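Come along while I jot down what I look up.

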Amino acid sequence: MEYRRIKDQDKIGDPVNEDIESLRGKPILDVAAPYDKTKWKMKSVVTLALTFLTSSQAILIVWSKRAGRYEYSVTTANFLVEALKCGLSLVALGRIWRTEGVTDDNRLSTTVDEVSVYPIPAALYLVKNLLQYYIFAYVDAPGYQILKNLNIISTGVLYRIILKKKLSEIQWAAFILLCAGCTTAQLNPSSDHVLQTPFLGWMMAIVMALLSGFAGVYTEAIIKKRPSRNINVQNFWLYVFGMAFNLIAILVQDFDAVVNKGFFHGYSPITVLMIINHALSGIAVSMVMKYADNIVKVYSTSVAMLLTAVVSVFLFNFHLSLAFFLGSTVVSVSIYLHSIGKLQR
């Protein structure tokens, strides 16, 4: 009897039993974390936008040609891209000033220390963006989408050299896979030439990758020098110098054409779409970093390569070979491994 009484008292005073009894009959969803539907929608919109902009970028450049050449001035197009990005940065700053007020971190300071660091990356982006047009004399749109991923290698190596960041073994393996995938995608079994892209095209792609990587690493170093600085302020000054350098390029390269034929000579609706696409692509990447993650960027890049190839089949009679499909698959896997390696570093 004494044992039964003690056992009954233990049951009554046991908090675990009381908690179980209190939860009995209640739905499990009451204790689960609420589902953030708004965040999921924003992530989906950003992913789709980045995929669309990335896949259509090379297509619009090739499509803007007439009889195999650009009837418009590529320097004026680049100037308008920088001007549009600069304007969008100002609009974003205006909204911040209205809601948060003007602070030290979002003020457009004109001190030498503030603005003197931006000419170098702006000049690098100028050369890289100009090469972006001329490389299409040697590669098609799908090939360009493959080769431009070489900037992942240059960025990683420059991170190691300049910012002293260590690369994981997975990332080094991803670099090797990326080179193998780019080479495989460019194989040309139906010709005496082993690769579809000639030597000069590869050299331009490598130079573009180096310029893009160095400019990206340099810009990140600027941002991390003052992490509290509003990104729109930094972008504004970068785009201002981009406009200035592109204006110099117009004067040096296309001055006579602009004076005699006009600034917008040769422009078409496709050219206008191309300019808007280039401007929005940079914004989409920053939105991915804010509302999504790096894996989303990886998937967007991978899907964009295949979308570019499929659309090019119908627009430019591109031959979707087995080598290209296998090469793009290897490139996608290497980009994914590089991203995973970054998380595990």
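I start with a definition: helices (H or I, at least four residues) and strands (E, at least two) are DSSP runs, numbered from the N terminus. The model is a predicted one, where local features need pLDDT of at least 70 and side-chain atom pairs count only at pLDDT 80 or more, while totals for chains, interfaces and linings use all residues. Residues are numbered from 1 along each chain as its sequence is written, and side-chain values use heavy atoms, with hydrogens and water left out.

I looked up Phe214 and Tyr218, and both sit in helix α10, four residues apart, about one turn of the helix. For burial I use these cut-offs: buried is under 20% relative accessible area, exposed is over 50%, and partly exposed is in between (1.4 Å probe, protein chains only). Phe214 counts as partly exposed because its relative accessibility is 30%. Tyr218 is also partly exposed, at 24%.

**Entry: aromatic rings**

Rings of Phe, Tyr and Trp (its six-membered ring) pair if their centres lie within 6.5 Å; planes under 30 degrees apart are stacked, over 60 edge-to-face, and the rest tilted. How many aromatic pairs does the structure hold? I found ten. In one of them, Phe136 and Tyr144 have ring centres 4.8 Å apart and planes at 40°, so I noted this pair as tilted. Both Phe136 and Tyr144 are buried. The pair of Phe214 and Tyr218 is tilted too, with 6.3 Å centre to centre and 40° between the planes. I also saw that ring pairs link Tyr70, Tyr72, Phe79, Tyr133, Phe263, Phe264 and Tyr267 into a cluster.

**Entry: nonpolar cores**

A nonpolar core is a set of buried Ala, Val, Leu, Ile, Met, Phe, Trp, Tyr and Cys residues joined through side-chain atoms within 4.5 Å. The largest has 48 residues, and those touching the most other members include Tyr72, Tyr133 and Phe136. Which helix gives the most to this core? Helix α10 (residues 199-225) does, with seven residues. Apart from it lies another core of twelve residues, among them Cys86 and Tyr239.

**Entry: two buried residues**

Contact means heavy atoms within 4.5 Å. Glu82 is in helix α4 (residues 74-100) and is buried, with a relative accessible area of 7%. Leaving aside neighbours within four places in sequence, Glu82 has contacts that include Asn129, Tyr239 and Asn246.

Is Thr51 buried or exposed? Thr51 counts as buried because its relative accessible area is 11%. I found Thr51 in helix α3 (residues 37-63). Not counting residues up to four places away in sequence, Thr51 touches Ser300, Val303, Ala304 and Leu307.
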